[in-house]
Amino acid sequence: LEQTAENMEALQRTLSRVDQMARSVPLHAPESAPHAAEWDGMTVESWARSHIHTEGARSLFDIAVAAIFAAEPSELSLLYFLQYIHAGGGVMKLSTIHNGAQETRLVEGFQQVSVRLAESPPLAGSVQLNEPVTAVAQDDRGVRVTTARASYRAQHCIVAIPPTLCNRIDFQPALPAARIALQSRMPMGSVCKCIAVYPRPFWKERGFSGEAVSDRGPIRAVFDDSPHPGSKSGHGALIGFMLGDHLRQQGERDAALRRQDVLGAFARFFGDDALHPIDYIEKNWTAEPWSAGCYTGIMPPATLTRFGQALRAPIGRIHFAGTETATHWTGYMDGALESGGRAADEILARLAAR
C-alpha cells in the first residue's frame, strides 16, 4: 500500500465521518436512526465508492472493514456497519491494540475462562458437553431441550449460539416468521487464522512490531502472537488473517501451497526468516460445524430495519443471548457477557413477577 499524505488524509477524514455517522445510530434501536432506511438499503462498499475519492484510502478502508468483520464491504449493510462501529467505540478503537479491541490476551487462552467456570461451584458437574441440541419445545409448563443423548426440562431456556446456527434446531412450536427470516439472513464472517512459530521473534530485532496490513496476497492483517513477556519460552509467533474473499479464494487450494503463500506474505513483511518456522498451524473457522465461521453473525442490506427487532426479543420461554445480541462491544467477548447478563435479567424479572 502506498501511504501518501493524500491517502492518509483522505482515510482520516473517512474514519472521522464514519464515527460521526455511527454515533447517530441508537444502540438499542438502530432501526430508528434518522437515515436508517437509506443506510440499510446500501452496502458499505457502495457508500465508500461514493465518498472515498483516492484509491489508496479506499484500499486501507476496505482492509479495516475486512479485519473487523471478516467480511467484504460489499457484504455489509451500511446501517449494520455503523451500529457495530458505535457499539465498539469507533473504527480506531476496534482496529488498534493499545486501548483497543485487540489489547488483551489471557496467558492460558480465553478457553480457560469457560473451563474454570465449568469447574467452579455451583456449575461443577452440571455442565453437559458433547451434546448438540437438536430440539427445543415449550409449553405452558416450561421448556424441554433435547439432545442426541438426553432431554432436559427447565422453566426457561437461553439460546446463546449464532443466529444462523439456530436454523439447525427444531423449535416447537415454530419460531415466528421474523425470527426465522433473521436467522436465514445472518451468515457468519469468513476467517482463517494462520500462526507461524519461530525460534525467536526476529522481527523485533529489526525494529518491527509484528503488525502489518496488505491489500494483496492471501493475508490482509498480521499481529505479533508471541508468548507473553513473562513466559519462559523465547519463541516468537506471527498470526495472519485470511479474510472474506481472500479466504474463499485460498480455501480450496492444496494445504502445502496455501502455507507457502502465507509464509511468503510474512517474508514480504518481515524478511526471509519468516519462511522457516518451526511450527505452522491453521484454523479455518468456516469449516467448523459449531460456529460456521467467525467472528460473528453479519447483516447484509435490508436485514436490520426489517428483522432486527427479532434479534433480542424473547419468544415465550425462550430467550436469546450471544455477542450478536449485544448493544456494546457487539461481536466481542465483552458483548457476549453483556448479553448473558441481559438474558438472565429477563428471566429473573419474569420469575419475580409470578
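A: A292 is found in the loop between strand 10 (279-284) and helix 12 (304-307), where helices (H or I, at least four residues) and strands (E, at least two) are DSSP runs numbered from the N terminus. The model is a predicted one, in which local features need pLDDT of at least 70 and side-chain atom pairs count only at pLDDT 80 or more, while totals for chains, interfaces and linings use all residues. Residues are numbered from 1 along each chain as its sequence is written, and side-chain values use heavy atoms, with hydrogens and water left out.

A292 has a positive phi of about 65°, although it is not a glycine. With a relative accessible area of 27%, A292 is partly exposed, a label that lies between buried (under 20% relative accessible area) and exposed (over 50%), using a 1.4 Å probe and protein chains only. The loop between strand 10 and helix 12 also holds Y295, and a cis peptide bond with omega about 10° joins C294 and Y295. As background, most residues other than glycine have a negative phi, and most peptide bonds are trans.

Another loop, between helix 7 (111-119) and strand 1 (133-139), can be read in the same way. P122 is found in this loop, and a cis peptide bond joins P121 and P122, with omega about 0°. N130 has its place in the loop between helix 7 and strand 1 as well, and its phi is near 55°, a positive value in a residue other than glycine. N130 is exposed, with a relative accessible area of 65%.

From the loops we can turn to the packing of helices. Helix 1 (residues 5-23) and helix 4 (residues 55-69) pack at an angle of about 50°, with their axes 8 Å apart; here the axes are lines fitted to C-alpha atoms, for helices over the stretch in contact, and angles run from 0 to 180 degrees between N-to-C directions. That angle makes helix 1 oblique to helix 4, given that angles under 35 degrees count as roughly parallel, over 145 as roughly antiparallel, 65 to 115 as roughly perpendicular and the rest as oblique. Helix 1 passes helix 4 in a right-handed crossing, where a crossing is right-handed if the near helix is turned clockwise from the far one by less than a right angle, and left-handed if anticlockwise. The contact, meaning heavy atoms within 4.5 Å, is made by N7, M8, A10, L11, T14, L15 and V18 on helix 1 and by G56, A57, L60 and F61 on helix 4. Sorted by class, this contact of helix 1 with helix 4 has eight nonpolar, three polar and no charged residues, with Ala, Val, Leu, Ile, Met, Phe, Trp, Tyr, Cys and Pro counted as nonpolar, Asp, Glu, Lys and Arg as charged, and the others, Gly among them, as polar.

Helix 4 also packs against helix 3 (residues 44-51), at an angle of about 160° and with the axes 11 Å apart. Helix 3 and helix 4 are therefore roughly antiparallel to each other, and helix 3 passes helix 4 in a right-handed crossing. V44, W47, A48 and R49 of helix 3 meet R58, F61 and V65 of helix 4, and by class the contact of helix 3 with helix 4 has five nonpolar, no polar and two charged residues.

A search of the whole structure finds 15 aromatic pairs, where rings of Phe, Tyr and Trp (its six-membered ring) pair if their centres lie within 6.5 Å, and planes under 30 degrees apart count as stacked, over 60 as edge-to-face and the rest as tilted. The rings of F61 and F81 have their centres 6.1 Å apart and their planes at 75°, so this pair is edge-to-face. The pair links distant parts of the chain, with F61 in helix 4 and F81 in helix 5 (residues 78-87), 20 residues apart. F61 counts as buried at 2% relative accessibility, and F81 is buried with a relative accessible area of 1%. F61 and F81 belong to one aromatic cluster that is formed together with W47, F69, Y80, Y84, W329 and Y332.
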